[in-house]
Amino acid sequence: MYQDERSSLDQAASTAHTVHSAIKTGKAVSSIAKGAAVGGPYGAAAGLALAAGKHGKALLAGALVLLMLPVLFVLMLPGLIFGGLTSSGALGQPILNDNAAINGHMDEIAAAIDVILAGGVADAKVRIASDFAATGGDNYEVIAPFSIASNTNSFIAQYCAVKEQSWAQLSLSDMQTILCGGKSHLYSFTRTSETRTVEADDPDTEDVVETKEEAWYIYTLSYNGESYFADQVFRLTDDQKKLASNYAYNLSLFLGDGMSQYTEYSGSTVASLGDVRFTDGATEVVYFNQLDQRYANKPYGTDNIGGYGCGPTSMSIVVSSLTDEIVDPVEMSKWAYENGGWCKGQGSYHSLIPNAAKAWGLNVEGCKASEPQRIIDALSSGKLVVAIMSPGHFTTGGHFIVLRGVKDGKILVADPASTKRSQQEWDLSIILNEASKRPGAGGPFWIIGL
């Protein structure tokens, strides 16, 4: 690295250190991150100036540095995603302004984490085999989780939080080494036993089907979650956990990945909508609205359904429409909270959708925006499709909605935050273009049916 580059980095790091306390509060950072999501470093500078008006003139000094190098974001929005502190994107422009380059780096990180998660399953199966060997049983089977409820942003945030201000040490290879070293903490298992009657394999009695009883052990794998990993592998302090939470929040804002699912909610509600049904699609849909006065102020974790409950409300719509059970947003929010679907201050993990569908006995398949015909075919056959949307017609942040049918070539939706949007017909192109670009758990679309 050239000396003038090193000096610039040191200068920027010094400025970034000034705002480190603001990062921990999660206040100034949000304005900057929102600006970056819209206009790269120039939008970030505007956000920084706005934050300076609220948090002191010292922040404003960082704007000029930010235009030169993205070191401020290296601290606020972990530098791992930029692929290097002084690297450039297309046509030599700053990497912070090159969405394609950033997306490529995020894809690389997500792929590396997927490999590690798969390695965690393999590690758990080795431990299961060892456990079974000590039982004296005849055979065993392993029930693996339907989907892995992992959050790439959370892993990145925890890694960067444990490094704190040692931004120069951040690298994908270093993070991989730490995560690989903790594979045994990714999954745990429970064991039950039962006696099974099986056919006896005896060639001398091939004309007679004989049976025998065997002692079988059933092992059920469960993903421990990022919070467990934070304790057992990164061993984060309480302050580092708070920092990691703010990193993840601002990283989601910067990437515009639909993770921050906040509905503009001032505490006011809409009148009770009663029993609303939509019958203009292939399937009659039971509609719930998160702002309905019956649900809006009820808890979703330590948040409320009105502001953050689009995920569980969408699954209330799906489950109530496709099964014989009516599950309202309060009950679904409680289930989501108890089963790892709630994300504090941000809404729901994307994994809530497939996990809740499975819990109510429904079939679910992930679907990409590049597969529009699958969506059309699913809706035409009476299935429902949950979508996670990024800023656009449906949200200014992130938002789950339900696609509920097709009519005259248009898409019908059940928007858990708007009866007006739920009664409109939508071009599929709008939904495809505004779907989250950074989905997890198989999204941004989930096809759900019986």
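Trainee: Which residues in H13 meet H14?

Mentor: On the H13 side they are Met 332, Trp 335 and Ala 336, and they meet Leu 352, Asn 355, Ala 356 and Ala 359 in H14. Please keep in mind that this is a predicted model.

Trainee: And how do the residues of that contact divide into nonpolar, polar and charged?

Mentor: The contact of H13 with H14 has 6 nonpolar residues and 1 polar residue, with no charged residue among them.

Trainee: At what angle do H13 and H14 pack?

Mentor: Helix H13, which covers residues 329-338, and helix H14, which covers residues 352-359, pack at an angle of about 110 degrees, and their axes are 11 Å apart. Angles of 65 to 115 degrees count as roughly perpendicular, so that is how H13 and H14 are placed relative to each other.

Trainee: Switching to H15, which residues are buried there?

Mentor: In helix H15, residues 372-380, the buried ones are Ile 375, Ala 378 and Leu 379. They span an arc of only 95 degrees around the axis, and therefore they lie on the same side of H15.

Trainee: Why would residues three or four places apart point the same way?

Mentor: An α-helix has 3.6 residues a turn, so residues at a spacing of three or four places point the same way.

Trainee: What do the buried residues of H15 pack against?

Mentor: Their partners are strand S10 (363-367), strand S11 (384-389), strand S12 (399-407), strand S13 (410-414), helix H17 (428-434) and strand S15 (445-449).

Trainee: And which residue with a positive phi follows H15?

Mentor: That is Gly 382, whose phi is near 95 degrees.

Trainee: Now the sheet with S1 in it: in what order do the strands come?

Mentor: The order is S1-S3-S2, in an open sheet of 3 strands with mixed pairing. Strand S1 (139-143) and strand S2 (187-199) each have a single partner strand, so they stand at the edges, and one side of each has no neighbour in the sheet. From one strand to the next, the twist averages 25 degrees.

Trainee: In which sense does S2 pair with S3, parallel or antiparallel?

Mentor: S2 pairs with strand S3, residues 211-223, in the antiparallel sense, over 13 bridges. Within S3, Glu 213 stands opposite Thr 197, and Ala 215 is the bridge partner of Thr 195.

Trainee: Over how many bridges do S1 and S3 pair?

Mentor: S1 and S3 pair over 5 bridges, in the parallel sense, and Val 142 has Tyr 219 in S3 as its bridge partner.

Key
Residues are numbered from 1 along each chain as its sequence is written. This is a predicted model: local features need pLDDT of at least 70, side-chain atom pairs count only at pLDDT 80 or more; totals for chains, interfaces and linings use all residues. Side-chain values use heavy atoms; hydrogens and water are left out. Axes are lines fitted to C-alpha atoms, for helices over the stretch in contact, and angles run from 0 to 180 degrees between N-to-C directions. Helices (H or I, at least four residues) and strands (E, at least two) are DSSP runs, numbered from the N terminus. Angles under 35 degrees count as roughly parallel, over 145 as roughly antiparallel, 65 to 115 as roughly perpendicular and the rest as oblique. Contact means heavy atoms within 4.5 Å. Ala, Val, Leu, Ile, Met, Phe, Trp, Tyr, Cys and Pro count as nonpolar, Asp, Glu, Lys and Arg as charged, and the others, Gly among them, as polar. Buried means under 20% relative accessible area, exposed over 50%, partly exposed in between (1.4 Å probe, protein chains only). The arc is that of the directions from the helix axis to the C-beta atoms. Two strands pair if DSSP finds at least two bridges between them.
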